[in-house]
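Hi,

Here's the structure I promised to pass on. Have a look at it first, then read my notes below.

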Amino acid sequence: MTGQDVAIPTETELTAAQGAQPGKPVEGLAEAAGLGEAPSDQAQVFTAVPTTPPLLPRSLYGAEHEAYRRTVRAFMEKEVAPYGEQFEHQGHVPRELWNKAGEAGMLCAAIPEEYGGLGGNRLFSTILMEEQARILSSALGFMLHSDIVAPYILNYGSEEQKRNYLPRMATGEIVGCIAMSEPGAGSDLQGVKTRAEDRGDHYLLNGSKIFITNGYLADLTIVVAKTGNTGKGSRDISLLLVDSHSEGFTKGKPLKKMGMKGNDTAELFFNDVKVPKENLLGQEGEGFKMLMQELPWERLIIAIQAQAATEAVFNLTREYVKERQAFGQSVVEFQTVRHKLAELHTEINVGRTFVDECLRQEVAHKLTPQAASAAKYWVSDMCSRVLDQCVQLHGGYGYMWEYPVARAFVDNRAHRIYGGTNEIMKELISRSL
C-alpha cells in the first residue's frame, strides 16, 4: 500500500483527519466488521458533500418527482444513514424500519393507489434508489420488495392476490422476497431443482434457495419451482406465493458477505411445505416466461443503483483530494490527479446519459431486453472501474474499512454478479446481432 504521490497516513495523521474530512470514517465500523467489539447504540451523523455538476443537464424529473425526492432524502438521512453500523453488525435492518418506511411512503411507490401504493411511475422508484445510493447505504431491501416482488403480483396475480398482498406490502406489514437462485443454479434459471409436486388441493414444495435478498425477514416469498415433467426446463417452471411462516419453511442465518454486510441475504429451505393451489402466481408452467418479462426492469434497477453509487463515491473522492495534503499542497493540484478526475467524470456522465435514456424507454414501456442488459453490464463494469480509482485516490485511507470509499468498493462489486452475470448479459445482447 505505497505510492509515489500519496503516502500512507501515520496514526497521528489518521486521528487528525477524522475531524471534518470528506469521506471520514464512521467510528466503530471496524468493530462491526468483526475486528473488535460490537457497535454502540449511538447514531452517527450523516454529512453530505457537494454534488458534482453533470456535463449535460438532466431533464428526466418533474416538480412532483423532486418534491418526493425531498421526502425520501429526509427519511434516508434520519432513519437509515445514522444506523449503518448497527445494520452491518446484525446483518439486516430492524424489522420496524419496514413499518416506518411504509408510513413514510417509501414502499411500493409505483403500485396503483387502489392497491395501497403511491400510484407513481418508475421514476419515483428511481428516486428512492438514487437517494439510498447518495448516503452509500447497501442495507435496504426496499427496492426488491417494491419494484421486483410487488410488480410480479400486480402484473400476474389474481384480483384476490393483489388485494391480499399489495396493500400490506405498501404499509410494511409484510416483507417480500423472490427466491430464484439455488446452490446449483444461479444465472441458469431453467436448471432449478426446487420442486412443487401437485397433491390435489395443494402443492408439496421441497428444495432450497440461496443468496435471497430480504430472505431472513421476509413474510412472503415468491418461489421459482419446477411443477412439470416435460424435461424442457422453461415449460416446467411455475411461481408460487409462499407464506414464509409455513410449516417446513426454514431460514438460515443472514449470510456473511464480502460487502453489503447490512443487507438481509439468506438461504431458504423447503421441506414438504404445503402451498395452497390458489397461491399459484399466474398459470402453471408460465413461470419462466414471467421471469423473462420482468428481468429487463430488474437489470435496469442494477444499472440505476450502480450509476448512483458511482456518482456518490466520486463526489466524496473529489472533496477528499481537494482537502488532503501531500508534499505541501492539495492532492488535487497534481496534474495526474486532475486528469484522473476528468477521466472518471467523463465515464460517469456517459453512464448517466445511457441510464436516463433507458429510464425514458422504461416509462414509455419501450425498453428492450438488450438495452437493459447493456445498461446492467456496462454501468456495473464502469462502477467497478471508477470505484477502484477512487480507492486509489484516497491512498492508504482508501483501504481502511472505516472509510465509506472502502465499503462502497466491496458493496458495489455485486452488481456485476446478480441479476444475471455480466457474461450472461453479453450473451443475451449478442443473440440479437
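This is a predicted model: local features need pLDDT of at least 70, side-chain atom pairs count only at pLDDT 80 or more; totals for chains, interfaces and linings use all residues.

The protein has 13 helices and ten strands. Of its 433 residues, 54% count as buried. Now take the contacts in the protein with a separation of 6 or more: 77% of them are between residues 24 or more positions apart.

Next, find helix H8, which runs over residues 159-171. Its 13 residues reach 19 Å from the first C-alpha to the last, close to the 18 Å expected at 1.5 Å a residue. Which residues of H8 are buried? They are Gln161, Lys162, Tyr165, Leu166, Met169 and Ala170. The cover over these buried residues includes two helices, H5 (95-103) and H7 (142-156). Strands S1 (176-179), S4 (220-226), S5 (237-243) and S8 (280-281) are also part of that cover.

Last, look for Asn263, which sits in the loop between strand S6 (249-251) and strand S7 (265-276). Is Asn263 buried or exposed? Its relative accessible area is 4%, and buried means under 20%, so Asn263 is buried. Leaving aside residues up to four places away in sequence, Asn263 touches Gly91, Ser138, Ala139, Leu140, Thr213 and Lys257.

Cheers

Notes. Residues are numbered from 1 along each chain as its sequence is written. Side-chain values use heavy atoms; hydrogens and water are left out. Helices (H or I, at least four residues) and strands (E, at least two) are DSSP runs, numbered from the N terminus. Buried means under 20% relative accessible area, exposed over 50%, partly exposed in between (1.4 Å probe, protein chains only). Contact means heavy atoms within 4.5 Å. The expected span of a helix is 1.5 Å times one less than its number of residues.
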